[in-house]
Amino acid sequence: MTKRNKIIYWIATVWLSLGMLSTGIVQLIKMKEEVALFTQLGYPLYFLTILGIWKILGVVAVLIPKFTLLKEWAYAGFFFAMSGAVFSHIAIGDTSVSAYFGPTLLLVLTVVSWYFRPADRKISSVN
């Protein structure tokens with residue numbers, strides 16, 4: 001892995017982790033703005049707890065060494081959660097750019113972190 005790729009990986013992964021951790025905490029403590037957003041999107045409020053817990057566990061999975069299969073699941077979960085957030089805003093006809101910025105940024109960071117992850121954080125294929 002080149003030094004450039006390692007730098008890209010760690011920058012994307014740190015920002016992704018901070019974003020997922022902070023939004024996970026906001027969802028777990030049920031901040032009133034987050035409750036209002038989930039209500040506007042039509043989701044039940046218990047979904048906040050589920051997403052918050054899984055985001056925090058996903059951050060742990062992505063950051064700890066080894067457990068490559070668990071990392072793949074965490075990246076997949078991040079991808080599904082953030083693409084789901086984008087499509088949820090589309091579904092309700094949300095036209096504000098600010099509504100799309102956070103989920104789109106986290107979606108891009110998920111893909112970049114996954115793509116540039118070092119070999120020891122990838123599942124090795126057996127031929």
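Biologist: Before we start, what does buried mean here?
Modeller: Buried means under 20% relative accessible area, exposed means over 50%, and partly exposed lies in between, with a 1.4 Å probe and protein chains only. By that rule Phe-38 is buried, at 6%.
Biologist: Thanks! And where do the numbers come from?
Modeller: This is a predicted model, where local features need pLDDT of at least 70, side-chain atom pairs count only at pLDDT 80 or more, and totals for chains, interfaces and linings use all residues. Residues are numbered from 1 along each chain as its sequence is written, and side-chain values use heavy atoms, leaving out hydrogens and water.
Biologist: Why is the pair of Phe-38 and Phe-47 tilted?
Modeller: Their planes sit at 50°, so the pair counts as tilted, with ring centres 6.3 Å apart. Phe-47 is partly exposed, at 29%.
Biologist: And what about Tyr-43 with Phe-47?
Modeller: That pair is stacked, at 5.4 Å centre to centre and 25° between the planes. Ring pairs link Phe-38, Tyr-43 and Phe-47 into a cluster.
Biologist: New topic: which residues does Met-20 touch?
Modeller: Leaving aside residues up to four places away in sequence, Met-20 touches Lys-55, Val-59, Phe-78, Met-82, Leu-106 and Thr-110. Contact means heavy atoms within 4.5 Å.

How values were computed:
Rings of Phe, Tyr and Trp (its six-membered ring) pair if their centres lie within 6.5 Å; planes under 30 degrees apart count as stacked, over 60 as edge-to-face and the rest as tilted.
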